[in-house]
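Welcome, and thanks for taking a look at this one. Please have your viewer open as you read, and follow the residues as they come up.

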Amino acid sequence: MQIRVLRILVLALFASGLLSAKGVASVHSPVSGVLFEPPITDVSVAITTDSAPRPGFLYTYHIVLHNKGTAVTTAILSFVKDAKLGNPASVPVEASFDGNTLNIPFDELQPNEVRMYQVCYLVPSLPDVDIGEYLSAFASVGLEQDVAAYDNVFQKKEAISASYDPNDLTEAHGEKIILTTFADNERLYYTVRYENTGAAAASFLIIEDLLDPQLDPSTIMLVSSSHYVTMGRTDNKVRFLFPDVDLPPSIPDTSIGKGQVTFSVKPFPGLQVGDIIPNQAHIFFDFNPPIATNVFQTEFVAALSVNAPEKSSWRMYPNPARDYLIIEDREAIERVSIYSLTGQKIREVSSGGQSSVMLDVSVLATGSYLLRVDKGQRNEARIFNKN
């Protein structure tokens, strides 16, 4: 009885936070005088995964759309895979391809509705990929009238692992974030993955996360969950309760007995180069002692090291750009491409093997764009802003 009361209270609090309006201009009807609030367009996108990518194994992305506004929304969801991955093993039936970009149209996303799309790839075997090398993917939804465009784009970076950890915690940006690329309103996205490795089904599940003092607990938001969950918070301790999960013992190479929950939170202002934000969760299966996840550390750096496993060697500046955007690399650049956040290619420039490219972006409309740099068998993409 107590668990069900808690479940109702937490859901009520969570729902009230989701339905609060942002930036609403209220007007009165000239005929009736009734207060009228125009529909709000506010759609967010996020990416979660079932497990860390492993050479020779399937790797599944879950792309999560959430209509946080009050307007019924129809648009196109775009997903850009890492160039190291080949053709997908499975995609939504309505999807279409444009090179490495997967376009998924969605119709009539209702207010407060959450939709999830699944895309699965086979990770290449060694030595085609390296342990510790990052796979990077982008998801975006282009909506001109969105009141919070900062969450219309999402990047998921996860290092290739040699082993499988059944209960772990990751953050979507990877272990290192260049401080100058981390916006003031940007969030960290944590995913806690769990697996029942026992011999009997788990009736309920609790995950507790004691947030680091550098994280603002008042900004926490639930992003997605594989199973029904309620979320509560006391100070900086966050608790996720799965009251009737009935999680069976896991079966290898399937999703049976496994799950995940993803949440986001903003750091407090004032981050400096060298700051490290650690995070760890504890998972309770029924009344058993807790299982501690790994400690995931997010470090804010001035620039990525040459020896960083991400193997990124290029930079772009200024960002935001007004007239020109300069791309520099230690390697030869074959071409650079600019995409809209809906996945439409706007411009492609061949560099002729030079290591520096200057792009004229003066004709672009103000907003956010995806820049892709192609270098032989590798390509990398980043977001830039046009003023």
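The ring of which residue does the charged end of arginine 54 sit over? That ring belongs to phenylalanine 57, and the charged end of arginine 54 is 3.9 Å from its centre. Please keep in mind that this is a predicted model. The protein has 387 residues, and buried residues make up 47% of them. Its secondary structure comes to 1 helix and 29 strands. Among contacts with a separation of 6 or more, 68% are between residues 24 or more positions apart.

**Aromatic rings and charges**

- Aromatic pairs number 10 in this structure.
- In one of these pairs, phenylalanine 182 and phenylalanine 300 have ring centres 5.3 Å apart and planes at 75 degrees, so the pair is edge-to-face; the cut-off for that label is over 60 degrees.
- Phenylalanine 182 sits in the loop between β12 (176–178) and β13 (188–195), while phenylalanine 300 belongs to strand β22 (residues 296–301), so this pair ties together parts 118 residues apart in sequence.
- Both phenylalanine 182 and phenylalanine 300 are buried.
- One aromatic cluster is formed by Tyr59, Tyr61, Phe79 and Tyr121.

**Nonpolar cores**

- As general background, nonpolar side chains in soluble globular proteins tend to be buried together.
- Here, the largest nonpolar core has 32 residues, and Tyr61, Ile63, Leu65 and Phe79 have the most contacts inside it.
- Two or more residues of this core come from each of β3 (43–49), β4 (58–67), β5 (73–80), β7 (101–109), β8 (114–122) and β9 (134–141).
- Tyrosine 61 deserves a click: beyond its neighbours within four places in sequence, tyrosine 61 is in contact with residues including Ile47, Phe79, Leu85, Val119, Tyr121, Leu135 and Lys156.
- A second, separate core has 31 residues, among them Ile177, Leu215, Val245 and Leu247.

- Histidine 173 is placed in the loop between β11 (168–171) and β12.
- Is histidine 173 buried or exposed? Its relative accessibility is 14%, so histidine 173 counts as buried, the cut-off being under 20%.
- Which side chain makes a polar contact with the side chain of histidine 173? The partner is glutamate 186, at 2.9 Å.
- Leaving aside neighbours within four places in sequence, histidine 173 is in contact with Lys157, Phe182, Glu186, Arg187 and Leu188.

- β19 pairs with β22 in the antiparallel sense, over 4 bridges.
- Asparagine 279 has phenylalanine 296 as its bridge partner in β22; β22 is also the strand that holds phenylalanine 300.

**Backbone details to check**

- A cis peptide bond runs from leucine 126 to proline 127, with omega near 5 degrees; proline 127 lies in the loop between β8 and β9.
- The peptide bond from asparagine 319 to proline 320 is also cis, with omega near 10 degrees; you will find proline 320 in the loop between β23 (315–317) and β24 (324–328).
- Aspartate 246 has phi near 45 degrees, a positive value in a residue other than glycine. Aspartate 246 is in the loop between β17 (237–242) and β18 (258–267) and is exposed, with 54% relative accessible area.
- Aspartate 286, in the loop between β20 (281–285) and β21 (291–292), likewise has a positive phi, near 55 degrees.

- With a relative accessible area of 81%, aspartate 184 is exposed, whereas phenylalanine 182 is buried.
- Aspartate 184 is 84 residues from phenylalanine 268 in sequence, and their C-alpha atoms are 9.2 Å apart in space.

Definitions and conventions. Residues are numbered from 1 along each chain as its sequence is written. This is a predicted model: local features need pLDDT of at least 70, side-chain atom pairs count only at pLDDT 80 or more; totals for chains, interfaces and linings use all residues. Side-chain values use heavy atoms; hydrogens and water are left out. Rings of Phe, Tyr and Trp (its six-membered ring) pair if their centres lie within 6.5 Å; planes under 30 degrees apart count as stacked, over 60 as edge-to-face and the rest as tilted. Buried means under 20% relative accessible area, exposed over 50%, partly exposed in between (1.4 Å probe, protein chains only). A charge sits over a ring if NZ of Lys or CZ of Arg is within 6 Å of the ring centre and within 35 degrees of the ring normal. A nonpolar core is a set of buried Ala, Val, Leu, Ile, Met, Phe, Trp, Tyr and Cys residues joined through side-chain atoms within 4.5 Å. Contact means heavy atoms within 4.5 Å. A polar contact is a pair of N or O atoms within 3.5 Å; within protein, one must be able to donate a hydrogen and the other to accept it, and residues adjacent in sequence count only if both atoms are side-chain atoms. Two strands pair if DSSP finds at least two bridges between them.
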